[in-house]
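This report describes a structure for a reader who is meeting it here. Please look at the sequence and the model before reading on.

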Amino acid sequence: MKTMARQIGTVLCMALALLSAFYAFAVMKTHSGTGFWKVWLVIAAVFALLAVGIAANWWVALPRIIRGVIIAVVCIGIAIFGTVEGCIISNMHARGDQHLDYVVVLGAQVRKSGPSKALRYRLDTAADYLRNSPDTICIVSGGKGANEPFPEAQGMADYLKAHGIEEGRILQESKSKTTQENIVNGTAVGILDRIHPMLPGPNPCDTAWGSYNPGRSLS
């Protein structure tokens with residue numbers, strides 16, 4: 001019975017290791033610019049070590065409390081992953097309300113050749129929405145990363161214009177470095193655009209943005 005349990009544990013951990021490694025390489029191959037795929041490689045290595053430990057009978061040599069903690073951590077991790085993935089998958093085909101005043105498109109990796117594959121999917125969806133909502137203004141939000149030739153907002157705006165979206169309907173926010181900054185700064189650009197007629201100067205929106213510190217909204 002113990003031998004069968006050890007075999008099942010070994011196979012299960014190896015399967016989880018292979019799935020984690022496959023997912024890591026799948027994320028890496030999208031060339032989205034995120035380094036999170038490395039986390040999945042670490043998870044794959046942990047499951048592989050567990051498989052080796054169980055197969056070599058190292059597992060039974062561990063104190064029972066340590067084994068309990070490891071099992072609890074693994075089970076909690078699987079439960080959290082399953083819950084998050086379930087929420088993502090269940091909303092993959094969700095559609096927002098049409099004819100909104102503004103939509104914000106968050107940035108991702110851009111290259112000299114244009115947006116990455118993941119970002120193109122995002123922009124294609126945004127372009128479809130904008131064609132069906134001709135009065136909606138699009139705010140593209142994303143700064144310039146160390147491995148990017150220009151700000152993500154610039155690359156996104158160029159892509160949308162190349163796919164038939166009028167330049168006057170696109171506002172660029174190129175200061176953000178994180179998702180939280182994308183949301184805060186993108187919202188601020190929409191607010192400044194609304195009050196644009198009340199501001200002085202030849203480029204009042206740019207002037208107001210220069211004197212506005214969106215980081216204060218994070219506190």
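## Cysteines and basis of the model

The structure holds zero disulfides, a disulfide being a pair of cysteine sulfur atoms within 2.5 Å. In general terms, a disulfide is a covalent bond between the sulfur atoms of two cysteines. Cys138 is buried, with a relative accessible area of 0%, and Cys13 also counts as buried, at 10% relative accessibility. Here buried means under 20% relative accessible area, exposed means over 50%, and partly exposed lies in between (1.4 Å probe, protein chains only).

This is a predicted model, in which local features need pLDDT of at least 70, side-chain atom pairs count only at pLDDT 80 or more, and totals for chains, interfaces and linings use all residues. Residues are numbered from 1 along each chain as its sequence is written, and side-chain values use heavy atoms, with hydrogens and water left out.

## The open sheet

Three strands form an open sheet in the order β1-β4-β5, and the pairing is parallel. The edge strands are β1 and β5 (170-173), each of which pairs on one side only. From one strand to the next, the twist averages 25°. Two helices lie against this sheet. Helix α4 packs on the sheet and touches β1 and β4, its direction making about 170° with that of β1. Helix α5 packs on the sheet as well, touching β1, β4 and β5, and its direction makes about 165° with that of β5. Contact means heavy atoms within 4.5 Å. Axes are lines fitted to C-alpha atoms, for helices over the stretch in contact, and angles run from 0 to 180 degrees between N-to-C directions. Helices (H or I, at least four residues) and strands (E, at least two) are DSSP runs, numbered from the N terminus.

Two strands pair if DSSP finds at least two bridges between them. Five bridges join β1 to β4, and four bridges join β4 to β5. On the β5 side, the bridge partner of Val140 is Gln172.

## Faces of the strands

In a regular strand the side chains alternate between the two faces of the sheet. Strand β1 has a covered face, formed by Val103 and Val105, and an uncovered one, with Tyr102, Val104 and Leu106. Strand β4 is mostly covered, as five of its five residues are buried. Ile137, Ile139 and Ser141 point one way from β4, and Cys138 and Val140 point the other way.

## The nonpolar cores

A nonpolar core is a set of buried Ala, Val, Leu, Ile, Met, Phe, Trp, Tyr and Cys residues joined through side-chain atoms within 4.5 Å. The largest such core has 20 residues, of which Val105, Leu123, Cys138, Val140 and Leu160 touch the most other members. Two or more residues come from each of β1 (102-106), α4 (117-132), β4 (137-141) and α5 (152-162). Helix α4 gives the most to this core, with six residues.

Leu160 touches Leu123, Ala127, Cys138, Val140, Ile165 and Ile170, not counting residues up to four places away in sequence. A second, separate core has seven residues, including Cys13, Ala17, Ala51 and Trp59.

Helix α2 (residues 37-55) has 19 residues and reaches 27 Å from its first C-alpha to its last, close to the 27 Å expected at 1.5 Å a residue. That expected span is 1.5 Å times one less than the number of residues. The buried residues of α2 are Trp37, Trp40, Ala44, Phe47, Leu50, Ala51, Gly53 and Ile54.

Most residues other than glycine have a negative phi. Asn57, however, has a positive phi, near 70°. Asn57 lies in the loop between α2 and α3 (64-90), and it is partly exposed, with a relative accessible area of 35%. His99 likewise has a positive phi, near 65°. His99 lies in the loop between α3 and β1, and His99 counts as exposed, at 56% relative accessibility.
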